[in-house]
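I opened this model to look up helix packing and ring contacts. My entries follow in the order I made them.

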Amino acid sequence: RGGAGAVGSNKNLYTILAWALFPPIGSLIFRFVGKDDADVKYNAANATVIHGAFLIVYILLWIIGAVTVFLVFLPLLWWIAWLIVWIIGLIMALQAGGKRFAFPGLQGLANQYVPMVESCAK
């Protein structure tokens with residue numbers, strides 16, 4: 001029962017879970033779990049780069065909000081933007097069916113770092 005269909009469904013599941021589980025930790029986990037499949041590896045690396053960038057900016061905005069009381073709303077606005085990106089990524093992962101997909105708007109930036117993240121778990 002473990003023919004080509006099982007491999008395809010695992011690719012699809014791994015791609016979805018790379019976007020769905022505790023960003024960016026979930027994408028890092030599936031970066032290593034799917035290291036034998038180039039598409040899973042690419043999609044997990046893509047999710048890691050995008051979620052990692054959002055996490056870094058989120059932390060910086062919390063620091064800025066803590067220092068300057070009048071900018072305390074910035075982390076909340078960034079979190080809402082991150083939530084929207086997370087939902088879009090999850091929908092695209094569902095539609096991709098385990099194949100590689102390009103994230104709209106952020107892919108140009110992510111393409112600079114995805115190869116570096118892909119190669120870290122060989």
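Entry 1. I started with phenylalanine 30, which is buried at a relative accessible area of 9%. The model is a predicted one, and I read its values as such.

Entry 2. I looked for the ring partner of phenylalanine 30 and found tyrosine 14. A search of the whole structure gives 7 aromatic pairs. In the pair of tyrosine 14 with phenylalanine 30, the ring centres are 5.5 Å apart and the planes stand at 40 degrees, so I logged the pair as tilted. Tyrosine 14 belongs to helix α1 (residues 4-20) and phenylalanine 30 to helix α2 (residues 25-33), so this pair ties together parts that are 16 residues apart in sequence. I then checked the accessibility of tyrosine 14: its relative accessible area is 25%, which means partly exposed, because buried requires a value under 20%.

Entry 3. Next I took the pair of phenylalanine 54 and tryptophan 82. I noted 6.3 Å centre to centre and 25 degrees between the planes, and the pair is stacked. Phenylalanine 54 sits in helix α3 and tryptophan 82 in helix α4, so the pair ties together parts 28 residues apart in sequence. I found both phenylalanine 54 and tryptophan 82 buried.

Entry 4. Which residues do ring pairs link into a cluster with Phe54 and Trp82? I listed Tyr58, Trp62 and Trp78 alongside those two.

Entry 5. The axes of α3 (residues 38-67) and α4 (residues 74-96) come within 9 Å and cross at roughly 170 degrees. I recorded α3 as roughly antiparallel to α4 on that basis, because the class takes angles over 145 degrees.

Entry 6. Which residues of α3 meet α4? I wrote down Ile50, His51, Phe54, Leu55, Val57, Tyr58, Leu61 and Trp62. On the α4 side I have Leu74, Pro75, Trp78, Trp79, Ala81, Trp82, Val85 and Trp86. I sorted the residues of this contact by type and got 15 nonpolar, 1 polar and no charged.

Entry 7. Last, I looked up alanine 96, which lies in helix α4. Is alanine 96 buried or exposed? Its relative accessibility is 15%, so I counted alanine 96 as buried. I also took its C-alpha distance to isoleucine 16: alanine 96 and isoleucine 16 are 9.1 Å apart in space and 80 residues apart in sequence.

How values were computed: Residues numbered from 1 in each chain as written. Predicted model: local features only at pLDDT ≥ 70, side-chain atom pairs only at ≥ 80, totals over all residues. Heavy atoms only, no water. Axes fitted to C-alpha atoms, helices over the stretch in contact; angles between N-to-C directions. Helix = DSSP H or I, 4+ residues; strand = E, 2+ residues; numbered from the N terminus. Parallel < 35°, antiparallel > 145°, perpendicular 65-115°, else oblique. Contact = heavy atoms within 4.5 Å. Nonpolar A, V, L, I, M, F, W, Y, C, P; charged D, E, K, R; others polar. Buried < 20%, exposed > 50% of the residue type's maximum accessible area, 1.4 Å probe, protein only. Phe/Tyr/Trp six-rings, centres within 6.5 Å; stacked < 30°, edge-to-face > 60°.
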